[in-house]
Amino acid sequence: MRKAWYKLDNAGKLYSSIMNDRATTIFRLSIYLKEKVDVLILKQAVDNLKDRFPYYNVLLKKGFFWHYLETTDRNPTIDLERYYPCMDIKYNKQGIYLYRLLYFENKLSFEFSHIMTDGNGALVYILSLIYEYLNLKGENIEKIPGLFYKDETPDPGEFEDGFDKYFDPTNKKR
């Protein structure tokens with residue numbers, strides 16, 4: 001796999017510069033299913049969406065002057081939840097993703113670093129993953145507008161920094 005890299009957006013630059021053991025830059029979203037989580041099917045669903053969400057398959061790297069994101073062919077781990085929510089992610093360790101997938105019985109929890117996404121981006125990922133998971137379990141669910149599917153190609157707009165695109169420094173209004 002050829003490695004690609006992505007610049008951090010303005011929020012990512014801020015969060016990567018302030019992160020530490022106490023300021024984790026982590027937020028959490030959880031979803032409850034009707035049945036216990038099937039970890040093998042969940043792993044397959046994550047793998048099926050890797051190409052659709054390439055900017056989620058990244059590791060934080062330290063450049064000469066700034067941090068950046070580099071793609072990886074490693075898979076994120078899916079762990080049994082057993083610790084406190086939103087604990088620090090040790091980004092400086094080799095191969096540590098910027099998000100966690102946790103499960104406990106019928107609950108799936110996703111912990112994301114603000115370095116890589118905001119709440120809306122995380123929600124689209126989670127719902128797209130749950131859709132894929134349920135399809136793999138044999139549920140026949142129609143496609144839902146707003147979700148991303150494994151057979152789609154990412155839109156270049158998904159990679160853009162909205163601040164760079166929409167900020168107008170000449171606009172002095174509050």
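Biologist: I have this model open at K61. What is the relative accessible area of K61, and how do I read the value?

Modeller: Keep in mind as we go that the model is predicted. K61 has a relative accessible area of 21%, so K61 is partly exposed. Its side chain also meets that of E70 in a salt bridge, at 4.0 Å from N to O.

Biologist: How much of the chain is buried?

Modeller: Of the 174 residues in the chain, 39% are buried. The accessible surface comes to about 11,400 Å², and carbon and sulfur atoms hold 53% of that surface.

Biologist: What share of the contacts joins residues 24 or more positions apart?

Modeller: Take the contacts with a separation of 6 or more: 68% of them are between residues 24 or more positions apart. P54 and T71 are 17 residues apart in sequence, yet their C-alpha atoms are 7.4 Å apart in space. P54 is found in the loop between α2 and β3, and its relative accessibility of 17% makes it buried.

Biologist: Now the charged residues. How many salt bridges are there, and how should I think about them?

Modeller: The general idea is that side chains of opposite charge can pair when their charged atoms come close. This structure holds nine salt bridges.

Biologist: Is E81 buried or exposed?

Modeller: Buried, since the relative accessible area of E81 is 14%.

Biologist: And which residues does E81 touch beyond its sequence neighbours?

Modeller: Setting aside neighbours within four places in sequence, E81 is in contact with R28, L102, Y103, F104, K107 and S109. Two of these names, R28 and K107, turn up again in a network of salt bridges that links R28, E81, R100, K107 and E111.

Biologist: Let's turn to the rings. How many aromatic pairs are there?

Modeller: There are 15 aromatic pairs. To read one, look at the distance between the ring centres and the angle between the planes. Y56 and Y99 are 6.0 Å apart, centre to centre, with 55 degrees between the planes, and the pair is tilted. Y56 sits in the loop between α2 (39-48) and β3 (58-62), while Y99 is in strand β6 (residues 99-104), so the pair ties together parts that are 43 residues apart in sequence. Both Y56 and Y99 are buried.

Biologist: What geometry do Y97 and Y99 have?

Modeller: Their centres are 5.5 Å apart and their planes stand at 85 degrees, so Y97 and Y99 form an edge-to-face pair. Y97 is buried, as is Y99. Zoom out and you find a cluster, in which ring pairs link F27, F53, Y55, Y56, Y97, Y99, F110, F112, Y125 and F148.

Biologist: Where do charged ends sit over rings?

Modeller: One case is R52, whose charged end sits over the ring of F148, 4.1 Å from the ring centre. Another is K143, with its charged end over the ring of Y149, 4.7 Å from the centre. K143 also forms a salt bridge with D151, at 3.5 Å from N to O. D151 counts as exposed, at 58% relative accessibility.

Biologist: Last one: which residues form a nonpolar patch on the surface?

Modeller: Look at F64, F65 and W66, which together have about 500 Å² of accessible area. W66 is placed in the loop between β3 and β4 (67-71). Its relative accessibility is 55%, so W66 counts as exposed.

Terms used. Residues numbered from 1 in each chain as written. Predicted model: local features only at pLDDT ≥ 70, side-chain atom pairs only at ≥ 80, totals over all residues. Heavy atoms only, no water. Buried < 20%, exposed > 50% of the residue type's maximum accessible area, 1.4 Å probe, protein only. Contact = heavy atoms within 4.5 Å. Areas by Shrake-Rupley, 256 points an atom, 1.4 Å probe, with all protein chains shown as cover. Phe/Tyr/Trp six-rings, centres within 6.5 Å; stacked < 30°, edge-to-face > 60°. Helix = DSSP H or I, 4+ residues; strand = E, 2+ residues; numbered from the N terminus. Lys NZ or Arg CZ within 6 Å of the ring centre and 35° of its normal. Patch = residues over 30% accessible without salt bridge, like charges linked within 9 Å, V, L, I, M, F, W, Y side chains within 5 Å.
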